[in-house]
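Here are my notes on the sheet and the cavities, point by point. Have the model open while you read.

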Amino acid sequence: MSDSSTHYDVAILGGGFSGGLLAWVLAARGMRVLLVERDRFGRFVIGESSTPIADLVMRQLAEKYELPKLHALSTYPSWKQTFPNLRCGKKRGFSYYHHGEVRSDEIASDGFQDHMDGTSGAKRNSLMVTASPNDTWADTHWLRSDVDAFFVEQATLAGADCRECTQVVSAEMGEPVRLILRERTQREDKRTSQSVSAGWLINASGRFGVLPEDLAAFIGLRRVDQRLQTNTRSVFAHFRNVRSWTDELRRTNQLGEDEPFDPDDAAQHHLTADGWMWMLRLDHGVTSVGWTEPNGRDSVDWQRYASLQRLMRDATFDEATPDWISVDRVQRMQTPIRLRNYIAMPTAVATIDPLHSTGIAHGLIGVARLADALLSEPARQADLLASYAETVESELLRIDSLVAMCYRCLRSMLRFEAVSMLYFAAAINSEEFLASGGEVHSPLWFLDNPEFGRLIDATRRQLDQDVTDTELWDWLRPRLQAFQTAGLLDPAVGGRYRYTGEAKA
Ligand SMILES: Cc1cc2nc3c(=O)[nH]c(=O)nc-3n(C[C@H](O)[C@H](O)[C@H](O)COP(=O)(O)OP(=O)(O)OC[C@H]3O[C@@H](n4cnc5c(N)ncnc54)[C@H](O)[C@@H]3O)c2cc1C
């Protein structure tokens, strides 16, 4: 074993988007950075739908650290113009459609279900929440293999030492941290090891991260999945030839004349009483498709739903995923988040759920917080990091509580819409706070407002009492007003929310 004892300011474990971007930012500012990825850079990974908060944080990072290439990725048009080969899709908002089950002899008919809107008497089976006022400000779905590899490429150009197919086989926590690295690609008898040291050790290993045993034991790392209320399983893959939902709506005369955006340019949610299917359409003809349903119930095949079957009739697996990938429980959480010079990114602490697409935004917020802290002088750094763990943990539990409530309301569009608006109120508030110059280290998702926490608890109690959809709306609507000016839960808009936040005004 060679012992070159190279020293780095920061060692980052995990070359997904969060590890790659943090490496890029820090290296661009002159830090000596080691990025270790146990797999290949740019491997397939799920988690592709970005959000207004994500794009805003990316823009702010780009401006603060003078990274124009990163800035270009913060809207769909500038992304396409600057990096036409970096594959992505257009996202104008979140669209939701409620589907009913249809017997196989009715498969030719439409399974798209009608609901009576208790507040206006109108039929309601869909919901559209706008994220950008026009195409100029559109968000993106990221083809993660491309984006993750791009960030690592930029980190390398900025001077980071980025190593793929490399494992940390042993680590000694101290100041500095000592790591033994081993390449994984060579034949076992030819593998070489190297000892390195680093001032900081950042865990950016995501949902599937496993740290070396001695490191995990020293940190006292343990799984605390039981703390999360959301409990879902998921199957997903990339497909070609998924049919257009916009065309389906048009064909069945259900496409409104004045929709806020094209339903296909969205994080598309096909809801059923049993679970929901996401569809994220990428420009190169591939659609990311996933079916997620609550654990603890009998498993339901999405093919039971005629309209989903129709959308998937001609679909074939893309080469990136030759078959469905299944995850028994999506949710994972591990603590502690910080111990001395060890810090975990939010996305390495927990995965909540695909619903509401919170992972990319939270990962980017983690990058912004850690870049700021690690680049600060010691006194400010200590201040910034003092509350990092508590903030990240509370945010994850907040997101979890909002998502879990949505799963309790899958049975009807109106019910789902009502509780989803708690999430959107919190997300819009965070976006506006950051856009107006708010400190990225502050707790987001309304954590600074205890009243909002009480409203979540009270809403949960309403659900426990099994109130009707109309009763839920009538109860929640006035109570949500104190937390939003975006017109959420306005029955007059018929489930079409056009507010797009201050950030893009
Ligand atoms: C089914 C599903 C759907 C999702 N959909 C969305 C969505 O639509 N929108 C959204 O915002 N989020 C979504 N997410 C969440 C999203 O996937 C994650 O937030 C995101 O992938 C985190 O990125 P990351 O770079 O932090 O980690 P990852 O992408 O998980 O990357 C971590 C990397 O670390 C490597 N690694 C692991 N252990 C080690 C180690 N010990 N040493 C070195 N390298 C290591 C891994 O190989 C991997 O490449 C979804 C999650 C799931 C499970």
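1. On classes: Ala, Val, Leu, Ile, Met, Phe, Trp, Tyr, Cys and Pro count as nonpolar, Asp, Glu, Lys and Arg as charged, and the others, Gly among them, as polar. With that, the lining of the largest cavity has 12 nonpolar, 5 polar and 1 charged residues.

2. Ground rules: this is a predicted model, where local features need pLDDT of at least 70, side-chain atom pairs count only at pLDDT 80 or more, and totals for chains, interfaces and linings use all residues. Residues are numbered from 1 along each chain as its sequence is written, and side-chain values use heavy atoms, without hydrogens and water.

3. The structure holds 2 cavities of 30 Å³ or more (on a 1 Å grid over the protein atoms alone, sets of points where a 1.4 Å probe fits but cannot get out; lining residues have an atom within 4 Å of a point). The largest has about 190 Å³ of space. Among its 18 lining residues, Pro 52, Phe 424, Ala 427, Ile 428 and Glu 431 are closest to the centre. Helix H13 (413-435) is one of the elements giving two or more residues, and H13 supplies the largest share, 5 residues.

4. Strands E11, E18 and E21 form an open antiparallel sheet in that order (strands are DSSP runs of at least two E residues; two pair if DSSP finds at least two bridges between them). E11 and E21 stand at the edges with a single partner each, so one side of each lacks a neighbour in the sheet.

5. Arg 332 stands opposite Thr 351 in E21. Both residues also line the second largest cavity, whose volume is about 60 Å³.

Definitions and conventions:
Helices (H or I, at least four residues) and strands (E, at least two) are DSSP runs, numbered from the N terminus. On a 1 Å grid over the protein atoms alone, a cavity is a set of points where a 1.4 Å probe fits but cannot get out, and a pocket is an open set with protein on both sides within 12 Å along at least five of seven lines; lining residues have an atom within 4 Å of a point. Grid points are joined across faces, edges and corners, and a volume is the space filled by probe spheres set on the points.
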